[in-house]
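Open the structure in your viewer and keep the sequence panel beside it. The tour below says what to select at each stop and what is found there.

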Amino acid sequence: MEHKKLSTFPADFLWGSASAAYQVEGAPFEDGKKASVWDNFVRIPGKTFKGTNGDVAVDHYHRYKEDVALMKELGLKSYRFSVAWTRVLPEGRGAVNSAGLKFYENLVDELIENGIEPIITLYHWDLPQSLQDLYGGWESREIIGDFLNYAEILFETFKGKVKYWVSLNEQNVFTNQGWVTATHPPGKKDMKLFYQVNHIANLANATVINKFHELEIPGQIGPSFAYTPQYAKDSDPRNVLAAENAEEMYSHFWMDVYMYGEYPLAALALLREQGLAPVFEAGDAALLKSAQPDFLGINYYQSATNAWNPLDGGVGAASFNTTGKKGTTKESGVPGLHKKIQNPFVERTNWDWEIDPEGLRIALRRITSRYRIPIMITENGLGEYDKLEEGKVHDDYRINYLESHVRAIKEAITDGATVIGYHTWSYTDLLSWLNGYQKRYGFVYVDQDETMEGSLKRIPKDSYYWYQHLIETNAEEIK
């Protein structure tokens with residue numbers, strides 16, 4: 001669709017930014033906090049770029065007031081952050097650590113006092129190590145009760161203060177990379193276990209959403225999903241089928257469960273054929289059906305293009321680019337399903353992520369049409385090398401990226417999508433999980449190099465001032 005005039009963003013649109021506890025807080029064992037699986041996983045040689053870890057991260061734990069002051073100056077309407085489970089419950093269960101919980105109470109109060117809507121993510125990958133040791137973490141249904149208990153503590157603590165909640169962040173990523181590629185904790189490669197772990201996470205997500213509504217917490221809750229729209233290489237029906245396969249297995253397989261309480265039929269048929277289907281117990285189907293998210297969080301970074309990949313002689317999985325050396329990503333796929341290939345019509349980042357703002361519009365259109373639910377964009381951003389030159393960071397490439405994606409949102413709203421907020425990844429530079437500190441996403445430059453040395457001084461980039469103006473004008477100048 002091409003419109004003569006684009007709709008305006010709603011007056012109460014949540015222009016925000018985002019972070020995750022492990023990536024920004026530091027202080028991993030301070031004030032009673034104990035280890036998460038990430039605190040230990042980063043110690044395994046070769047798992048992260050140059051062995052980088054989150055021991056200091058960007059020291060948000062001690063500098064949150066400084067960071068919130070910069071948010072206020074920027075004009076943020078909302079800030080999405082995650083709570084570290086082990087700060088609140090060091091063992092994952094048992095007695096509440098009041099000092100750890102107090103940090104988040106202080107942060108929420110600071111945000112509210114500065115006119116910024118706090119958005120809490122319950123789980124952003126940092127599972128308590130004690131629960132992993134005790135029963136295998138997400139591999140056991142026992143985690144459902146522990147996750148519910150943890151969530152209830154936060155619901156009751158912040159009732160009336162926090163209006164928006166994200167239950168699980170990128171379930172598709174932490175399950176796949178934890179149990180398929182072994183690039184996240186617990187570092188396993190077991191397809192059967194992967195699908196069972198994912199099923200348990202679905203049950204935990206549904207349980208927490210139901211409890212939120214049972215407690216009549218004022219506000220809204222929903223999961224956050226890393227959505228990559230799948231394209232076909234061309235109109236060859238086999239390539240179209242490959243793209244359909246990828247959409248089914250990598251998107252509908254999660255979002256259909258969130259929204260309909262059922263796995264998509266073609267995916268489930270394939271898993272049964274392969275002996276990989278998750279095991280249902282009594283009550284599972286009813287539980288999944290019963291949970292109704294209030295919104296769907298979407299993390300959007302790139303699209304993917306697909307070609308047919310035969311069962312015999314097809315391309316298998318390949319490692320992805322965590323070095324920042326552009327062009328090092330190789331074709332990857334699943335024989336009999338699809339093969340991901342390079343799209344000649346879009347540019348790529350130095351980490352070979354496709355820059356495709358039109359893909360965000362397509363994503364919002366697809367999700368709106370299929371699920372008819374409000375969408376909160378919980379992450380979108382550009383990770384790149386930023387250089388500090390004479391005390392400034394000129395990141396026009398980030399401004400261009402973000403502006404083009406905001407325009408795509410505006411077009412999607414004009415198309416009929418309901419979008420309630422846009423949260424850039426990220427607010428400050430931070431630890432980029434496997435990619436260390438060289439891959440920067442923030443509006444605020446943090447003096448911290450790839451060897452984890454630096455003053456941690458905060459320096460607003462050019463993009464900071466661009467976003468400030470965008471918020472002030474409610475993106476009216478984007479046509």
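Start with α10 (237-260), the helix that gives the most to the lining of the second largest pocket, five residues. Helices are DSSP runs of H or I with at least four residues, strands are runs of E with at least two, and both are numbered from the N terminus. The model is predicted: local features need pLDDT of at least 70 and side-chain atom pairs pLDDT 80 or more, while totals for chains, interfaces and linings use all residues. Residues are numbered from 1 along each chain as its sequence is written, and side-chain values use heavy atoms, without hydrogens and water.

The second largest pocket has a volume of about 220 Å³. A pocket here is an open set of points on a 1 Å grid over the protein atoms alone, where a 1.4 Å probe fits, with protein on both sides within 12 Å along at least five of seven lines; its lining residues have an atom within 4 Å of a point. The volume is the space filled by probe spheres set on the points, which are joined across faces, edges and corners.

Next, select Asn245, Met249, Ala266, Leu270 and Leu337, the closest to the pocket centre of its 14 lining residues. By type, the lining has eight nonpolar, four polar and two charged residues. Ala, Val, Leu, Ile, Met, Phe, Trp, Tyr, Cys and Pro count as nonpolar, Asp, Glu, Lys and Arg as charged, and the others, Gly among them, as polar.

Now go to the salt bridges (a side-chain nitrogen of Lys or Arg within 4 Å of a carboxyl oxygen of Asp or Glu). The count comes to 30. Select Arg63 and Glu66, whose closest N and O atoms are 4.0 Å apart. Both lie in helix α3, three residues apart, about one turn of the helix.

Move on to Asp429 and Lys461, whose side chains meet in a salt bridge of 2.8 Å, N to O. This pair links distant parts of the chain, 32 residues apart. Asp429 and Lys461 are both buried.

How values were computed. Buried means under 20% relative accessible area, exposed over 50%, partly exposed in between (1.4 Å probe, protein chains only).
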